[in-house]
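Subject: Structure handover

Hello,

Here is the structure we spoke about. Please look it over first; my notes follow below.

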Protein chains: 4
Amino acid sequence: MGGNSFGTLFMVTTFGESHGPGCGALVDGCPAGLTLGIEDIARELRRRRPGGSGPFSARNEADQPEILSGVFEGKTLGTPIAILVRNQNQRSGDYDELKDLYRPGHGDWTWEAKYGIRDHRGGGRSSGRETVGRVAAGAVAKTFLSRGGILIRAWTSAAAGIQAPEPGETGFDYEEAGQNPLGVPHREIAEKIFEKLEKLKKEGDSAGGVVTCMVTGLPPGLGDPVFGKLDARIAAAMVSIGAVKGVELGKGFSAASCLGSNNNDEPIPVRIGEGPSLGGLPWELPLGIPALAFKTNHAGGVLGGISTGAPLEFRVAFKPVPSISKKQCTVDRQNTVRDLVIHGRHDVCLVPRAIPVVEAMTALVLADLILLNRGARV
Amino acid sequence: MGGNSFGTLFMVTTFGESHGPGCGALVDGCPAGLTLGIEDIARELRRRRPGGSGPFSARNEADQPEILSGVFEGKTLGTPIAILVRNQNQRSGDYDELKDLYRPGHGDWTWEAKYGIRDHRGGGRSSGRETVGRVAAGAVAKTFLSRGGILIRAWTSAAAGIQAPEPGETGFDYEEAGQNPLGVPHREIAEKIFEKLEKLKKEGDSAGGVVTCMVTGLPPGLGDPVFGKLDARIAAAMVSIGAVKGVELGKGFSAASCLGSNNNDEPIPVRIGEGPSLGGLPWELPLGIPALAFKTNHAGGVLGGISTGAPLEFRVAFKPVPSISKKQCTVDRQNTVRDLVIHGRHDVCLVPRAIPVVEAMTALVLADLILLNRGARV
Amino acid sequence: MGGNSFGTLFMVTTFGESHGPGCGALVDGCPAGLTLGIEDIARELRRRRPGGSGPFSARNEADQPEILSGVFEGKTLGTPIAILVRNQNQRSGDYDELKDLYRPGHGDWTWEAKYGIRDHRGGGRSSGRETVGRVAAGAVAKTFLSRGGILIRAWTSAAAGIQAPEPGETGFDYEEAGQNPLGVPHREIAEKIFEKLEKLKKEGDSAGGVVTCMVTGLPPGLGDPVFGKLDARIAAAMVSIGAVKGVELGKGFSAASCLGSNNNDEPIPVRIGEGPSLGGLPWELPLGIPALAFKTNHAGGVLGGISTGAPLEFRVAFKPVPSISKKQCTVDRQNTVRDLVIHGRHDVCLVPRAIPVVEAMTALVLADLILLNRGARV
Amino acid sequence: MGGNSFGTLFMVTTFGESHGPGCGALVDGCPAGLTLGIEDIARELRRRRPGGSGPFSARNEADQPEILSGVFEGKTLGTPIAILVRNQNQRSGDYDELKDLYRPGHGDWTWEAKYGIRDHRGGGRSSGRETVGRVAAGAVAKTFLSRGGILIRAWTSAAAGIQAPEPGETGFDYEEAGQNPLGVPHREIAEKIFEKLEKLKKEGDSAGGVVTCMVTGLPPGLGDPVFGKLDARIAAAMVSIGAVKGVELGKGFSAASCLGSNNNDEPIPVRIGEGPSLGGLPWELPLGIPALAFKTNHAGGVLGGISTGAPLEFRVAFKPVPSISKKQCTVDRQNTVRDLVIHGRHDVCLVPRAIPVVEAMTALVLADLILLNRGARV
């Protein structure tokens, strides 16, 4: 297990180097009988494509997926679903000068220190292109989740040091996030960030940012204590995305300076389907267990590692894109110090393109937990 | 797999309810031939015991471990190492009134929503006592790591809203962290926090905090891209600890507002054993790969999910202890709103006792990765 | 993962050396809400105890199990169930002379060749005593299965070269198998085998044999193609038992010389609960799928790796006990040829004591597959 | 995990339905730096292709593999190796009449009973075509093993009820097995079997057989007790192949009627590289452990679940091909009894084509164990 698999029952293995023949994913364990079409996958892949203009990479590939197995007459068979996306727009020549250089902020050297070999073209497997497989597999998981009314929504909550409003704050507009190329839930702030990114592009620099994700419709009971907690899985899933440097659930780091009396979320009784439920969807509970909601959701929808039924909320921090065209100092294979100016087609900020990746990884965690949860009780 | 196992090759399963017969861990995959004594485990367990005074829980157990298997004449056999710690000082009666109540901030209700049953006494398996198994197993991993010169050091970097200095900042004193009961690397700040916690105890309230962890001596090359990244595993390990709400690697969330040009760590050539290496320990690299260090360590010792040889650095946010004696509102099993005042023996802030747990989980991640890494090259 | 775990969802890890403090098992993933008492486990453990007389080992231990976790007020919690059986009647001195010798037919040398160390006392972990953990864990699985009407029955179908009748043959009497100490389903043949074993004991020799196992009440649909087939899992489970040298499903090796036209089992339609069903228990099928039985059961209850609902049938071959008191030739740690006469308390034939182990392993396979099967369809 | 993965460190997942777009395998965990070319895979795939004449299926596909990832400039990268073989010669129309029928001896109905859906064309994923992925992945494993001098050789030791000589018996000729289309190590017997199969073809019937496999050059120490034994893994690997009904290691079922005194293999001291070693290849042992061989090899190269260094030997029983053109009785989807005469292109005996599959599965087991074994000692 070279670390390219994720999940226990809904198990995904991704494959592919940035400039090899193709990228993709193999999903083993997707339940049989799910209606799944190629467009379910293609739609998500389009969301992660670069815009091809502005502060985004000019590499522009159609990324048309092919389902090689596991689907018959529009339904999943219960067998492995192999999805292949051919690489098309590789300009490997762009990377020739990087063959013997270790780029700052990239995994070039650590990869070689581990394996003794790497495909230097476009970062090989440590390229952002690796997320094609994640998004394709996540699309299958999303299709499965949507049957149960589970909705995953992520957006850019900060980029280039500029904050967007959070849900509940003035001006937060989730619809807007789907309409601007930055995925920012506030039009003016999106424009401000866009300008900042364009400026950075001219300066040959780059920016990081934060993605916030919220999942609604989640039934209570998902997550396996002790090590298999819902939030532990989310954390692993998020930090497994390249460039992620932090994750927080609910109030996150700010909870560390709260008092217990203002951080605890007090339970309130609900009838399912009624009242102030922060969950909102009908779900079944074991006999004799009352349905609860909570006055607040500082916990971000998880208690004891198990979903509460309130929205799952977390934030993910991305570092700035390490590929910058400003001159940097580095070392080459001959152990000589070298100046480096990176050319090629790079995003100034990868946060907007990371949104579907965050959603995909979230979907993979949840699809797996839903299946695992079927074994919780006799 | 109910989620109680951690690791692939160095695999640990913990067991035990807070007020059942005992707690412990089963370590499968510890390499044979490791010198391991009961004191290696007992020492770590003493570090997680409550102080029994001041702002700490008065529950005070000897926590004497017994090795049931896997060790012969002071050496590991390569067979499963079962470690048992009997529970002794249970005052289950303290919990009778909680039998039908769902405490705010605890997993009481989510546990029932999942399993339809729970051991209410002391939180059952979602109790902090579950960490006995983690710390015992972590002690085995630490013993394995220490052979290779790998040192794991964690401390309290913030508690009750009061920050301690970071390494490199004025006044940071790691030795001091081992001498005060709060694990704070600065004597005056430790005293200030202690006073604040005593005050909160009187008020019936509680506090959270932050643990920082630094690992030195780590060879480069540990971590399996894509999903098995070193940092992704650390994130999962940390968030699997009860009460953790966030984790950040290296610069973490602050990296999100940096520019690429000031966040990238520029490589510098080193001869192993010489010069400004942030790693410091001798390690072997594949033929033809130069040894590198980095001018800075914003990445926290990980690039592309693989260790760089520089210190691994991360921070973990803990929410306030949810058990407070202030009056709270909650719901009972009959779906009735109830007032709740929690008695019993609780910590005001669990951060100091979480230090050995953070270290143990880190050790488990690293021991596993060291074994996994043996398969990286032909 | 040192290979001491079995199962994916109903996951068991066993631990313990023959002459260490104790043996046992950790069951992670047993569904919550199962009624489980200590006697459910103790009963199975008594079945694997040596008779202490006749051709059986004189080592006689009470083998009283203790449940350390996972059960509360007589019901499983969904948390790990740790079961400990203390070793009591160790006469380690018996083994002193074997410390530096490699016994023929045992794993003494291979163990050292792998780990560089072994606990020589009684074979350490490669002792038959290791099956204590399997039987204890299997008892939990059996309790789970019995809720669904699934019955596992194994017996001695051959020992010391003497065959007992198979089901359907004249004289086969399953009740009898439970009444003679050899587990043979035919009284006179049991006596004949007993005499042969007593004779071998006097000669200082030993015998092998065959265990047949039949499972009734199994629903159709269990087993995961491709690698996770029901029969593949049974084969792994059986060959994982010490001394097993072969396994066959249904007609087994004799199928290899049949024609397709007489080996195929022709399907017949049934109404569930009616008619000539070889299965017999009510089970649910997906909508639109007819209920079938089969005219014959040459397949042994498995087609395409999935249970058919007909009885699961397989046979397991055990080699003769390798510990014999006849003089043998071997090699010692100093690489010198040595004569060896093994003393100590050994069974002449382990087949009767293997019956509950075969049943336990079968139960572990089936419990796991029943949980895995819950994820087969949307 | 729908059961389509095999192995822990050298992990393979296969995919593909018989008449879908393609079949293949994803190998995750192959060590980096292995020289691997497309021809290494293509060569093994040619061995499993039907002869297209005589008693073999007339379906004849080029089966040209494509490596989609994981190999760069002729060397493995340590990343997942995805191998795709397009399906070409599907005549799905052949199967139209089988759409609503459950063929005797096939998994048609059990598959539907589990998943509620199946791809009926050519058996879908329960087709023999599924072994394309196994053979492709096995080719990677074989390439890895051959570096260490490990050779896997399988042949047809019985078919249609006719036995071929075993190694050591008069007339056994391994070279011959590679030259006749049946893989029988004796020319005249091969011809006799061929005639018998042609006769069965005319009669519309089919035959089973036995494959024997021998591995030389295996170092001692491979295999993880307790559940991860070398022989247990081999058993699982073999029985996971469609149509396999039994497996025996070494003397197998005949050991069950032996005495301990004639079944035990007595150890003899060797200097590595010298004398009567049944192993033959140089290997390293832990310090202080003598090198051993054995006077006989009844154990088939495994003791205590760990390789002894002597050849690994086992036999695998295949049932007759269930697709016969003789009239059979079955049931259809409407639960009606139906007569069935199967047309289409089927092998009369699949044993010869199973030889490379047996070898591939053996290679997968061994490659995984070699990597796992790297973690056995500190």
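In chain D, helix α6 (residues 230-239) packs with helix α8 (residues 351-373) at an angle of about 145 degrees, and their axes are 9 Å apart. Helices and strands here are DSSP runs numbered from the N terminus, helices being H or I of at least four residues and strands E of at least two. Axes are lines fitted to C-alpha atoms, for helices over the stretch in contact, and angles run from 0 to 180 degrees between N-to-C directions.

The contact is made on the α6(D) side by Leu230(D), Arg233(D), Ile234(D), Ala237(D) and Met238(D). On the α8(D) side are Val358(D), Met361(D), Thr362(D), Leu364(D), Val365(D) and Leu369(D). Contact means that two C-beta atoms, placed from the backbone, lie within 7 Å. By class, this contact of α6(D) with α8(D) has nine nonpolar, one polar and one charged residues. (Ala, Val, Leu, Ile, Met, Phe, Trp, Tyr, Cys and Pro count as nonpolar, Asp, Glu, Lys and Arg as charged, and the others, Gly among them, as polar.)

A note on the source: this is a predicted model, in which local features need pLDDT of at least 70, side-chain atom pairs count only at pLDDT 80 or more, and totals for chains, interfaces and linings use all residues. Residues are numbered from 1 along each chain as its sequence is written, while chains are lettered from A and ligands numbered from 1 in the order in which they are written.

Helix α8 of chain D also holds Ala360(D). Ala360(D) counts as buried because it has 30 C-beta neighbours inside 10 Å; the cut-offs are 20 or more other C-beta atoms within 10 Å for buried, 12 or fewer for exposed, and partly exposed in between. Leaving out residues up to four places away in sequence, Ala360(D) touches Glu44(D), Arg134(D), Val135(D), Ala137(D) and Gly138(D).

Between chains, 98 residues of chain B are in contact with 99 residues of chain A. Helix α2 (residues 108-115) of chain B gives the largest share of chain B's side, seven residues. That side has 46 nonpolar, 34 polar and 18 charged residues. Strand β12 (residues 244-249) of chain A and strand β12 (residues 244-249) of chain B run antiparallel and are joined by three bridges; strands pair if DSSP finds at least two bridges between them. Glu248(A) has Gly246(B) as its bridge partner in β12(B).

Regards
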